[in-house]
Amino acid sequence: NGDIVLNGDFTFEKCTFKLAPYASLILDNDRKLFDNNIFINCRDTVWKEINILPCSSNVIFTNKNKIMQSINGIVNESSRETTIFGNVFTNNYEQSIYISNWQNSSSNLTIASNVISFDNNFNNTIYPYIGERPKLGMLLMNNNLNGSYLNIGYGNSFLDLGNGIYSISSDVNIFNNTFENIGFNSISDPTAKVAIYAIGYSTDEPNEIIIGGDSQNSNTFDDCLNGIYITHNYNCLISYNTFSDKTNGVAIKLAHLNGYNLESALTLPNLAIVERNNINNYTYGIHAGTNAYANIEIKNNTINCTTALSDLSRGIFINGLKIKFEKYTITNNNINNAVIGVYANNTYGALINGNNILSLKQSDITSYPSRGIHVLGSDRAVIKDNKVVGIIVPIDEHKTIGVHIENSTRSDVLCNELRALGSCFRGTQNCTD
């Protein structure tokens, strides 16, 4: 009826642990191996967690352990060497895996080939989470590895959750994972509807996050309301990931990437690179905004927006602060079926170069013209060597516009190819070109 403390060298195989309401399984001294076991509540109330205490001996969960109907799943706040490989986590309501304050080598933590999901068959019986889905798959908290990363990869699957991975001030490499149907629950907090959400609270050097990295380490996002959201003090590389099938969502969002050192009053630059991602059927492809003291590079991505005329899709859209320390470089992206290909609002010195914006879609809202590139309220933007091609030439010349510079100063528009459009170029509201 209470907590269970395992103190000694144990191997458990094909056992069933039935834990009392709010009870914990506490892993104390010596090695622990769990192979193909079941951890479940004994009544219609959640149990608490498997808590890994400090020890020099390792803990291994492997070969289809089923960890079900808890509050926190597996918790490691001790940096104890742990392997979590090939397990099934179902209906663990706050999160299934919690890693905090990791001080060990990153090679001593393995989280791979697990399935973290929701099963509606149990959803209406488990108190106090009746009618709710799990909030998070995995929570990473204050893991500062100083040049190394926690590795979350090698085939983890996150299915039907509020969030997939929630990273707070942690250095992490997320690769070869699958995220499916993330973001559909009763939680009103918008950060709880993202496959990967990362926020950096450090007031010193930025934390670092890699999502994907190269063609061998791609993550897949399928039918997720929002794909990736990175905010505050993070450096990030988001590359070679695939996103598909979610109207009204945002595939990748970067916001408030502001690096500050409060003790020394120095401003630290943040770097974000978003490249070679493949985005399909999202209303909004890549969104970046209010990233003071940050260098944002968005390059070589392929964005295929939804084809529905009623969908006001945007390939890449920027909402800046119009300061010289916030730099946006948008180059060599392929954008199809957008109503707005590239939108740059309130930017300073933005470079929009070498992008192919094809099949520019005509909005079925008469007051909303389509634009290949729209620069609004910005200073010193450079729009060069881009291609914008419409589907058909509209009867109304205001319906599709190749490049629209509006209420902006000192813009350079050079060597762009603009075809099959109502208007190739437009400058309005006392724009200085």
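A residue is termed buried when its relative accessible area is under 20%, and S24, with a relative accessible area of 6%, is therefore buried. The model discussed here is predicted; its protein chain has a mean pLDDT of 89, and 92% of the residues reach 70 or more. This briefing covers confidence, aromatic pairs, nonpolar cores, strand pairing and individual residues.

**Confidence**

- The pLDDT is below 50 over residues 260-266.

**Aromatic pairs and clusters**

- The structure contains 17 aromatic pairs. One of them joins F10 and F12, whose ring centres are 5.6 Å apart and whose planes meet at 15 degrees, so the pair is stacked.
- Within this pair, F10 is partly exposed at a relative accessible area of 29%, whereas F12 has a relative accessibility of 15% and counts as buried.
- F158 and F179 also form a stacked pair, because their ring centres lie 4.9 Å apart and their planes are at 5 degrees. F158 belongs to strand β18 (residues 157-159) and F179 to strand β21 (residues 178-180), so the pair ties together parts that are 21 residues apart in sequence.
- One aromatic cluster is formed by F10, F12, F17, F34, F39 and F61.

**A charge over aromatic rings**

- The charged end of R314 sits over the ring of F317, at 5.8 Å from the ring centre.
- The charged end of R314 also sits over the ring of Y343, where the distance to the ring centre is 4.9 Å.

**Nonpolar cores**

- The largest nonpolar core comprises 83 residues, of which F61, F179, I230 and L254 touch the most other members. F61 is also a member of the aromatic cluster, and F179 is the stacking partner of F158.
- Apart from neighbours within four places in sequence, I230 contacts A198, I209, I211, C236, I238, K253, L254, A255 and L257.
- A second, separate core has eleven residues, including V75, L136, L139 and V194.

**Parallel strand pairing around β34**

- Strand β31 (residues 278-289) and strand β34 (residues 314-319) run parallel and are joined by five bridges. In this region, I286 stands opposite I316 of β34.
- β34 also pairs with strand β37 (residues 340-345), again in the parallel sense and over five bridges. N319 has N345 in β37 as its bridge partner.

**Two serine residues**

- S24 is located in strand β4 (residues 24-27). Leaving aside neighbours within four places in sequence, its contacts are D3, I4, L19, K48 and E49.
- S215 is found in the loop between β23 (207-212) and β24 (220-222). With a relative accessibility of 52%, S215 counts as exposed, while S24 is buried at 6%.
- The C-alpha atoms of S215 and N241 are separated by 8.2 Å, although the two residues are 26 residues apart along the chain.

Methods. Residues are numbered from 1 along each chain as its sequence is written. This is a predicted model: local features need pLDDT of at least 70, side-chain atom pairs count only at pLDDT 80 or more; totals for chains, interfaces and linings use all residues. Side-chain values use heavy atoms; hydrogens and water are left out. Rings of Phe, Tyr and Trp (its six-membered ring) pair if their centres lie within 6.5 Å; planes under 30 degrees apart count as stacked, over 60 as edge-to-face and the rest as tilted. Buried means under 20% relative accessible area, exposed over 50%, partly exposed in between (1.4 Å probe, protein chains only). Helices (H or I, at least four residues) and strands (E, at least two) are DSSP runs, numbered from the N terminus. A charge sits over a ring if NZ of Lys or CZ of Arg is within 6 Å of the ring centre and within 35 degrees of the ring normal. pLDDT is the predictor's confidence in each residue, from 0 to 100. Contact means heavy atoms within 4.5 Å. A nonpolar core is a set of buried Ala, Val, Leu, Ile, Met, Phe, Trp, Tyr and Cys residues joined through side-chain atoms within 4.5 Å. Two strands pair if DSSP finds at least two bridges between them.
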